[in-house]
Amino acid sequence: MWNLKLPSKIRIGMWKITNEFMPTLHNLRKKRLVVDDLCPMCKVEKESVAHLVWDCAFTRMVLQELGVALWFNQNRAYHEGLKDTVQEVVSFIDAYR
Ligand SMILES: [Zn+2]
């Protein structure tokens with residue numbers, strides 16, 4: 001992973017995720033810093049890294065919305081030669097709510 005040509009911020013983030021070094025509620029509970037480790041977004045499972053990345057229904061909904069916006073932006077750039085700014089993509093996502 002350290003040999004990948006990615007910004008160091010991304011590599012460190014990936015290391016933290018794969019080594020359970022993120023301040024999730026489950027990790028904070030292990031250190032007795034919080035009492036409740038239930039995911040505050042879906043309230044179904046404990047908030048662990050695996051839950052946030054793979055299992056959380058709320059995370060899946062957010063990623064799905066982002067995917068629609070990015071796909072729409074990519075199609076406009078390809079077919080119409082129009083390229084939205086980041087702000088325009090964010091506005092598109094906000095309008096979806
Ligand atoms: Zn959740």
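This is a predicted model: local features need pLDDT of at least 70, side-chain atom pairs count only at pLDDT 80 or more; totals for chains, interfaces and linings use all residues.
Residues are numbered from 1 along each chain as its sequence is written.

Let's start with the secondary structure. The protein has five helices and zero strands, and from the N terminus on the order reads α-α-α-α-α. Here helices (H or I, at least four residues) and strands (E, at least two) are DSSP runs, numbered from the N terminus.

Next, look at the overall shape. The C-alpha trace spans about 55 × 35 × 20 Å along its principal axes. The radius of gyration of the protein is 17 Å, whereas a compact globule of 97 residues would have one near 13 Å; this radius is taken over C-alpha atoms, and the globule rule is 2.2 Å times the number of residues to the power 0.38. Of the 97 residues, 9% count as buried, meaning that 20 or more other C-beta atoms, placed from the backbone, lie within 10 Å of the residue's own.

Now for the domains, whose bounds come from an automatic or database domain assignment. Domain 1 covers 1-55 and domain 2 covers 56-97. Their C-alpha centres lie 25 Å apart. Where they touch, domain 1 gives six residues and domain 2 gives four residues; two residues are in contact if their C-beta atoms, placed from the backbone, lie within 7 Å.

Definitions and conventions. A residue is buried if 20 or more other C-beta atoms lie within 10 Å of its own, exposed if 12 or fewer, and partly exposed in between; C-beta atoms are placed from the backbone.
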